[in-house]
Amino acid sequence: MPELPEVEVVRRGLLPHTIGRTVQRVEVLDARILRRQVGGPDRLREAVEGNRLSDLVRRGKFLWWRLDESGSDVGQALVTHLGMSGQWRVRQNSTATVLPPADSEGPAPDPLRHRRVSLHLDSGSAIDLIDQRIFGGLWTSPLIEASDGEIAGAGSPDHLLPADAAGIARDLLDPAADLPAIARSIRARHSAIKTLLLSQDLVSGIGNIYADEALWAARTRFDTPGSALTQRRALAILRAAQDVMGRALEHGGTSFDALYVNVDGRSGYFARSLHAYGRAGEPCTRCGKLIRRTVHQGRSSHHCPGCQRPPTAVGRPSATARSRKDPQ
DNA sequence: ATAGGCCTGAGT
DNA sequence: ACTCAGGCCTAT
């Protein structure tokens with residue numbers, strides 16, 4: 001699943017192939033990928049075809065190109081999100097047809113069979129948005145000013161960002177992120193810390209995998225209420241998330257192919273470096289107790305019962321504790 | 001604050 | 001045939 005580090009790898013991969021290029025044609029293979037496009041495929045084509053891509057910016061898991069539009073007063077962004085299974089691929093020669101191998105062996109999976117939309121560039125290359133589950137998307141959004149007046153995100157020349165990304169908080173690799181302020185906003189809420197780490201309006205870029213990893217690293221259990229955290233501990237969790245995503249980004253280079261922007265989250269870094277996510281039943285690398293999988297808010301959650309302490313009974317009691325007498 | 005919907009392929 | 005994977009948006 002592409003989270004902040006994987007999306008940043010995609011941004012860096014797309015950068016040299018797209019910046020300064022003009023989009024000659026938008027090829028829509030499955031209009032569902034344009035779900036968030038106001039006006040549908042026609043409006044997207046109208047807004048994009050013939051215009052130049054000037055910058056590629058990321059905030060959290062949102063990516064957008066700035067569109068250089070001649071004769072338009074309102075700046076537009078071409079926004080994309082990878083959802084769960086989205087990949088952007090670069091095809092160096094878009095006129096070359098990719099044929100499935102004519103093997104007598106079983107049918108090799110055609111990587112392009114989930115191609116949903118392609119941008120054909122004046123370089124002769126095309127970039128393909130491939131997305132099996134179509135949780136991702138591509139759409140245009142008007143540029144507005146960032147409320148804090150800081151640089152909008154990674155790769156941004158200024159403080160302008162798409163209206164659709166205005167509600168997205170800064171991520172932990174953003175120099176303008178104010179960690180103590182984020183920690184305070186976490187402590188002001190009673191929800192479980194994992195829920196808060198996944199709340200894009202508090203801090204962006206963290207998904208299920210890095211939330212579990214950050215909480216493991218900070219020895220904190222997923223169901224600890226934000227309000228039960230000290231400022232010091234909340235900050236430690238944020239630093240842990242920052243650290244694990246920073247290291248993942250460094251390792252992201254290994255699974256990156258120069259020709260293809262490859263977002264295969266389950267190969268490379270993940271298999272070797274995860275301590276909690278996907279390791280249910282395996283020994284904790286820190287204390288040896290078996291990693292436990294539970295379901296939290298409809299998502300799988302992984303923690304070590306040995307070294308990730310359960311919430312201590314301070315502040316507001318849990319709902320279950322409130323509804324019964326404590327047997328102690 | 002929380003639940004449902006969007007999606008499809010792999011696994012049981 | 002059913003379950004699971006889950007980011008983000010909308011509705012309750």
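Mentor: Strand E8 is joined to strand E9 (residues 160-162) by three bridges, and the two run antiparallel. Strands pair when DSSP finds at least two bridges between them; strands (E, at least two residues) and helices (H or I, at least four) are DSSP runs, numbered from the N terminus. The model is predicted, with local features needing pLDDT of at least 70 and side-chain atom pairs counting only at pLDDT 80 or more, while totals for chains, interfaces and linings use all residues. Residues are numbered from 1 along each chain as its sequence is written, and chains are lettered from A and ligands numbered from 1 in the order in which they are written.

Within this pairing, Ile144 has Leu161 of E9 as its bridge partner. E8, which spans residues 137-145, is also joined to strand E4 (residues 76-81), here by six bridges and again antiparallel. There, Thr80 stands opposite Leu138 of E8.

Another group of strands forms an open sheet of four, in the order E1-E6-E7-E5, with antiparallel pairing. Its edges are strand E1 (23-28) and strand E5 (86-91), each of which pairs on one side only. From one strand to the next, the twist averages 15 degrees (axes are lines fitted to C-alpha atoms, for helices over the stretch in contact; angles run from 0 to 180 degrees between N-to-C directions). E1 is held to strand E6 (residues 115-121) by five antiparallel bridges, and Val23 has Leu121 in E6 as its bridge partner.

Helix H1 (residues 4-18) packs against helix H6 (residues 231-252) at an angle of about 40 degrees, their axes lying 8 Å apart. Leu4, Pro5, Glu6, Glu8 and Val9 of H1 meet Met245, Ala248, Leu249 and Gly252 of H6 (contact: C-beta atoms, placed from the backbone, within 7 Å). Six of the residues in this contact are nonpolar, one is polar and two are charged (nonpolar: Ala, Val, Leu, Ile, Met, Phe, Trp, Tyr, Cys, Pro; charged: Asp, Glu, Lys, Arg; polar: the others, Gly among them). Gly246 also belongs to helix H6. From Glu8, Gly246 is 238 residues away in sequence but 10 Å away in space, C-alpha to C-alpha.

Finally, DNA strand B is surrounded by Arg32, Arg35, Gln132, Arg133, Ile134, Phe135, Arg189, His190 and Ser191 (near: C-beta atom, placed from the backbone, within 6 Å). By class, this surface has four charged, three polar and two nonpolar residues.

Note on methods
Contact = placed C-beta atoms within 7 Å.
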